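Trainee: Please take me through one part of this model closely. I would like to look at the salt bridges.

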Amino acid sequence: MVFLVSDEVRPKNGGPRMVVTGYASGMVECRWYDGFGVKREAFREDELIPGPIGKQEQAS
């Protein structure tokens with residue numbers, strides 16, 4: 001799946017909701033806030049799934 005900058009994503013194996021901030025060396029760069037500060041990490045595209053789309057997921 002191709003993600004665009006500003007798309008919300010989550011790791012397939014569970015984890016925080018993140019925002020795609022760019023691409024580098026074939027990796028998807030993401031950032032998220034963990035309650036203490038902004039974290040960033042790069043993931044392979046196949047490690048990510050789209051973030052919440054419906055209102056039910058956004059409410060939780």
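Mentor: Start with Lys39, which has 39% relative accessibility and counts as partly exposed. That label applies because partly exposed covers the range between the buried limit of 20% and the exposed limit of 50%. Keep in mind that this is a predicted model.

Lys39 forms a salt bridge with Asp34. Their closest N and O atoms lie 3.7 Å apart. The pair qualifies because a salt bridge needs a side-chain nitrogen of Lys or Arg within 4 Å of a carboxyl oxygen of Asp or Glu. Asp34 is partly exposed too, at 34% relative accessibility.

In general, side chains of opposite charge can pair when their charged atoms come close.

Now move to Arg44. This residue forms a salt bridge with Asp46, and the closest N and O atoms are 3.2 Å apart. Arg44 also pairs with Glu47 in a salt bridge, with 3.9 Å between the closest N and O atoms.

Arg44 has 45% relative accessibility, so it counts as partly exposed. Asp46 has a relative accessible area of 47% and is partly exposed. Glu47 is at 29%, which is again partly exposed.

The structure holds four salt bridges in total. Among them are Lys39 with Asp34, Arg44 with Asp46, and Glu47 with Arg44.

Key. Residues are numbered from 1 along each chain as its sequence is written. This is a predicted model: local features need pLDDT of at least 70, side-chain atom pairs count only at pLDDT 80 or more; totals for chains, interfaces and linings use all residues. Side-chain values use heavy atoms; hydrogens and water are left out. Buried means under 20% relative accessible area, exposed over 50%, partly exposed in between (1.4 Å probe, protein chains only).
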